[in-house]
Amino acid sequence: MCHKGNLKMMEKIKQLSYLFLSIVLLLLAYFLPKITEFILATPFVYKPITYNETYVAVEVFERGQKVIVRANVSDDLNDIDQVRINITDPNNVKKVEFELMTDTGESCGTNCTIYEYNYTIQSTDPGGTWEVWVWANDSYDNTASNSTTFKVCVISISLSSVLSNGVNFDGCSPTGEYCYATGNNGDGVTDYNITITAKGCNADLYVKGNQSYLTTDSQQIPISNIEVAYSTTDSTVPTTYDPIGTAFSQGAIGSNLEDGTVVYLKFRLYVPSGQSAGTYNAGLKFQGVQNGYSPVD
Amino acid sequence: MMKKLAVLGIVAFAIASILILPQKGEAVVTSNASTTTSATVAVYIAIQLSPTLQTGIVFSNLQQGTTDNNADGNNYGSGGTDYWINVSEDTNVNVDYCIKADGPLTSGSNTIALSNYYFANSTTTDANTPSLSAKKAFTTSYQKMDTGLDNTQNEYLRFWLDVPAGQAPGTYENTVYFQAVEAGQNCVD
């Protein structure tokens, strides 16, 4: 009697096991394609590229210039929901925070679309290296991201106080000899220097005269009689002098200068024999430009 | 035909070079600063003496009791004087010339007073210029001669000496000074 009852119980358990197994198989049959789909359908963001307004790929921009960020985003099921962007300046300030990028409708291959975002660099934006992050998520909330950087070139030059006060040649004799500027301090450390601030790029430095002659009431001395020597490493400045012209291109005094570089300068003036006595005046102009570009007169 | 093709090829290459070779673009990012420059050219005067004057004013073979004896370089009556002064070409102002002597001509304890020693000056010279009739006696302070001369002009000079009667023999010496000052300025003793 007892043995018969055990057999029936065993049979019931066996039937329930088959039922459970069937249910598991049914569930697997239903969800397995979904899981596969979940794994395969993760979006992919290619490394974003920065362009200028004419869609030329550019890595260095200027203030006022439009930066066009483009990212190729792919998804096997082509169900990208959103593509968003962060743009962070060199001071770690988010200038663009999680903004939606525009679907350009342009294809970048099978199940791949180009997304775009435009940012115009403001006149007060800092120079240096900017960071771009792009995120994409699909309808399953799968996400992917990628990043790139671009640079904003900002250059400024700062004259030392003595240089700002003027380059003066005092008590020059008209004997066909050179007269040396007072701030040269002879063979010592010069008081004339220019500090370069160059963020996001290096700078070239130029000097020129603002007119062709130093002039007094009725007399003149050619501006090219002023010569300049320069060094970024020796504050006493080596004695290799070059004439100053009336175009910046004639007066390169530093090339490929990094941020913080100090350019030390000395000046001398050739006073022609018999040059009339008097005080002769002119102006000197200095210009820092992005390395590799021509100066602007 | 081949020549034309070659010329065409060269022209095409030149145009392609201009178009293809990278050109240095004008910078957009610039920073400018300016300053003044000033040069003060000082008044510069450098006086020079003629070669004969550099060797001294010499009176040879003087006799006592004679007047208006010519210095050796005077060439008076025969040609231009060998004595002149001027300023160097790098002198950058017009000048006035001045002259003085340091004292009487002396030989040991004997002297000939400066009132016996004369000069005459002119910006030109010939046998009669500077003229004896324009002579002036030396003094120990500067006397101004011609004025407003530029660095191309000479100041010509002649010298005469009176030897008083009974003057002791000997070689008498003194020093004559010349000075050029900026035109309009006073001589500086």
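This is a predicted model: local features need pLDDT of at least 70, side-chain atom pairs count only at pLDDT 80 or more; totals for chains, interfaces and linings use all residues.
Hi everyone, and thanks for coming. The model as a whole has an ipTM of 0.78 and a pTM of 0.77. For chain B the average pLDDT is 90, and 86% of the residues reach at least 70. There is one stretch to treat with care: residues 11-23 of chain B have a pLDDT below 50, and beyond near neighbours in sequence this stretch makes zero contacts in the model.

Now to chain B itself. Its secondary structure consists of two helices and twelve strands. If you walk along the sequence, the pattern reads α-β-β-α-β-β-β-β-β-β-β-β-β-β. Chain B has 189 residues, and 29% of them count as buried. Take the contacts in chain B between residues at least 6 apart in sequence: 78% of those join residues at least 24 apart.

One backbone detail in chain B for those of you with the viewer open. The peptide bond between T129(B) and P130(B) is cis, and its omega is near 0 degrees. You will find P130(B) in the loop that links β8 (117-122) and β9 (136-137) of chain B.

Let me show you a sheet in chain A. It is an open sheet of five strands, ordered β3-β10-β9-β5-β6, with mixed pairing. At the edges sit β3 (60-61) and β6 (94-100) of chain A, each of which pairs on one side only. β3(A) and β10(A), residues 143-152, run parallel and are joined by two bridges. If you want a landmark there, look for V60(A), which stands opposite K151(A) in β10(A).

Two loops in chain A also deserve a stop, both for their phi angles. N111(A) has phi near 50 degrees, a positive value in a residue other than glycine. N111(A) belongs to the loop between β7 (102-109) and β8 (112-120) of chain A. V237(A), in turn, has phi near 60 degrees, again positive in a residue other than glycine. The loop holding V237(A) runs between β18 (226-231) and β19 (242-243) of chain A.

So, for these two residues, which is buried and which is partly exposed? V237(A) has 25 other C-beta atoms within 10 Å, and 20 or more is the cut-off, so V237(A) is buried. N111(A) has 17 such atoms within 10 Å, which makes N111(A) partly exposed.

As a general point, nonpolar side chains in soluble globular proteins tend to be buried together. Here the largest nonpolar core has 67 residues, and the members touching the most others are V83(A), L205(A), V263(A), L265(A) and A39(B). Strand β21 of chain A, residues 262-271, supplies the largest share of this core, with six residues.

Finally, let's see how the chains meet. In the model, 48 residues of chain A contact 27 residues of chain B. On the chain A side, the elements giving two or more residues are β11 (154-159), α2 (161-164), β12 (167-172), β21 and β22 (278-290). Which element gives the most to that side? The answer is β22(A), with 13 residues. By type, that side of chain A has 25 nonpolar, 20 polar and three charged residues.

β12(A) pairs with β1(B), residues 30-41, in the parallel sense over four bridges. Within that pairing, have a look at F169(A), which stands opposite A39(B) in β1(B).

Terms used
Residues are numbered from 1 along each chain as its sequence is written. Chains are lettered from A and ligands numbered from 1 in the order in which they are written. A residue is buried if 20 or more other C-beta atoms lie within 10 Å of its own, exposed if 12 or fewer, and partly exposed in between; C-beta atoms are placed from the backbone. Two residues are in contact if their C-beta atoms, placed from the backbone, lie within 7 Å. A nonpolar core is a set of buried Ala, Val, Leu, Ile, Met, Phe, Trp, Tyr and Cys residues joined through C-beta atoms within 7 Å. pLDDT is the predictor's confidence in each residue, from 0 to 100. Ala, Val, Leu, Ile, Met, Phe, Trp, Tyr, Cys and Pro count as nonpolar, Asp, Glu, Lys and Arg as charged, and the others, Gly among them, as polar. Two strands pair if DSSP finds at least two bridges between them.
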